[in-house]
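Thanks for coming. I will take one model today and go through its sheet, its helices and its core in turn.

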Amino acid sequence: MNVETIGTAAGAVWQALSTADALGLKQIKKETKLKKDEILAALGWLAREGKVNIDVDPEDEKELIVSLVQA
């Protein structure tokens, strides 16, 4: 994986999140067809840019819930 592929994955994740209030990792994987490590790298990219909120699902502490930061 390189910076270009991570950037492309970040764009796909952002696009998936833009159509929903929030998504879990499994939902993001289903929407984007990305591998888990690609999704996590993309989320790191988006988090570093301050574009996403990442929270733990209160019903399943092993699941993350991701949403876009509202401007």
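**Ser67 and the strands around it**

I start with Ser67, which lies in strand β3. Before going on: this is a predicted model, in which local features need pLDDT of at least 70, side-chain atom pairs count only at pLDDT 80 or more, and totals for chains, interfaces and linings use all residues. Residues are numbered from 1 along each chain as its sequence is written, and side-chain values use heavy atoms, with hydrogens and water left out. Helices (H or I, at least four residues) and strands (E, at least two) are DSSP runs, numbered from the N terminus.

Is Ser67 buried or exposed? Its relative accessibility is 15%, so Ser67 counts as buried; the classes are buried under 20% relative accessible area, exposed over 50%, and partly exposed in between, with a 1.4 Å probe and protein chains only. Setting aside residues up to four places away in sequence, Ser67 touches Leu17, Asp21, Ala22, Lys51, Val52 and Asn53. Contact here means heavy atoms within 4.5 Å.

Now the sheet. It is open, with three strands in the order β1-β3-β2 and antiparallel pairing. Two strands pair if DSSP finds at least two bridges between them. The edge strands, each pairing on one side only, are β1 (23-24) and β2 (52-56). Between β1 and β3 there are two bridges, with Gly24 opposite Ile65 in β3. β2 and β3 are joined by five bridges; on that side Val52 stands opposite Leu68, and Val56 stands opposite Leu64.

Val56 belongs to strand β2. With 48% relative accessibility, Val56 counts as partly exposed. Apart from neighbours within four places in sequence, Val56 is in contact with Glu61, Glu63 and Leu64. From Val56 to Gly24 the separation is 32 residues in sequence and 9.3 Å in space, C-alpha to C-alpha.

**Helices and core**

α3 lies across β2 and β3 and runs at about 120 degrees to β2. Axes are lines fitted to C-alpha atoms, for helices over the stretch in contact, and angles run from 0 to 180 degrees between N-to-C directions.

How do the axes of α1 and α2 cross? They come within 10 Å and cross at roughly 110 degrees. α1 and α2 are therefore roughly perpendicular to each other; angles of 65 to 115 degrees count as such, under 35 as roughly parallel, over 145 as roughly antiparallel, and the rest as oblique. On the α1 side the contact is made by Ala12, Val13, Ala16 and Leu17, and on the α2 side by Ile28, Glu31 and Thr32.

Last, the core. The largest nonpolar core has 16 residues, and those with the most contacts inside it are Val13, Leu17, Ile28, Ile39, Leu43, Val52 and Val66. Such a core is a set of buried Ala, Val, Leu, Ile, Met, Phe, Trp, Tyr and Cys residues joined through side-chain atoms within 4.5 Å. At least two of its residues come from each of α1 (3-18), α2 (25-32), α3 (36-48) and β3 (64-68). α1 gives the most, with five residues. Ile28 touches Val13, Leu17, Leu23, Lys33, Ile39 and Val66, again not counting residues up to four places away in sequence.
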